[in-house]
Amino acid sequence: MNTLYFDEIEEGDELPALDLFLSKDGVRQFAKTAGMYFPRFTDDEGARAEGLPGMIAPGVMSMGLLARMISDWNPAAVVKRIGTTFRSPVLPDCNVHLRGAVTQKNEEDHTADCDIWMENDDGERWVVGTATVTLPSKA
């Protein structure tokens with residue numbers, strides 16, 4: 001993906017979708033690397049013992065994937081802030097789809113606000129949020 005400059009984006013622009021398979025092994029690897037090797041993130045039985053439907057992905061992993069979508073859209077964008085709401089546990093071993101759209105451009109500081117979300121194959125939005133990114137200027 002090429003660099004997008006502030007002047008090249010418009011409110012309403014959609015960020016390119018990022019579709020991927022979220023595997024249990026990938027979640028375990030992330031949890032281990034992040035020092036979050038807890039049963040809820042590593043095995044179904046341990047997660048069920050905590051009252052969950054099965055192992056889940058850590059929230060920070062979902063936020064990281066949303067940040068990756070922004071970085072894939074524009075490698076020169078600097079993520080200043082991401083805020084998310086977790087509507088449902090993110091269950092691995094399924095496809096997840098990351099989406100986003102520019103909702104507001106701020107001329108003063110060359111930032112853009114974006115709606116971002118993660119959904120499953122049925123279009124259920126498991127994670128929703130907003131991000132503010134700084135974009136480069138040609139001037």
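This is a predicted model: local features need pLDDT of at least 70, side-chain atom pairs count only at pLDDT 80 or more; totals for chains, interfaces and linings use all residues.
**The core.** Begin by selecting Leu-22, Ile-70, Trp-73, Leu-98 and Leu-135, the residues with the most contacts inside the largest nonpolar core, which has 35 residues. Next, colour the elements that give two or more residues to this core: strand 1 (14-22), helix 1 (24-33), helix 4 (59-73), strand 3 (94-106), strand 4 (111-119) and strand 5 (125-134). Helix 4 deserves a separate selection, as the largest share of the core, six residues, comes from it.

**Around Leu-135.** Now centre the view on Leu-135. Which residues is Leu-135 in contact with, once its neighbours within four places in sequence are left aside? They are Phe-6, Ile-9, Trp-73, Asn-74, Ala-77, His-110 and Ala-112. Trp-73 is also among the core residues with the most contacts.

**A charge over Phe-6.** Lys-105 lies over the face of Phe-6, at 4.4 Å from the ring centre.

**A charge over Trp-117.** Select Arg-125 and Trp-117 next. The charged end of Arg-125 sits over the Trp-117 ring, 3.9 Å from its centre.

**The aromatic pair.** Finally, select Phe-38 and Phe-41. The structure holds one aromatic pair, and these two residues form it: the arrangement is tilted, with 6.4 Å centre to centre and 55° between the planes.

Technical notes. Residues are numbered from 1 along each chain as its sequence is written. Side-chain values use heavy atoms; hydrogens and water are left out. A nonpolar core is a set of buried Ala, Val, Leu, Ile, Met, Phe, Trp, Tyr and Cys residues joined through side-chain atoms within 4.5 Å. Buried means under 20% relative accessible area, exposed over 50%, partly exposed in between (1.4 Å probe, protein chains only). Helices (H or I, at least four residues) and strands (E, at least two) are DSSP runs, numbered from the N terminus. Contact means heavy atoms within 4.5 Å. Rings of Phe, Tyr and Trp (its six-membered ring) pair if their centres lie within 6.5 Å; planes under 30 degrees apart count as stacked, over 60 as edge-to-face and the rest as tilted. A charge sits over a ring if NZ of Lys or CZ of Arg is within 6 Å of the ring centre and within 35 degrees of the ring normal.
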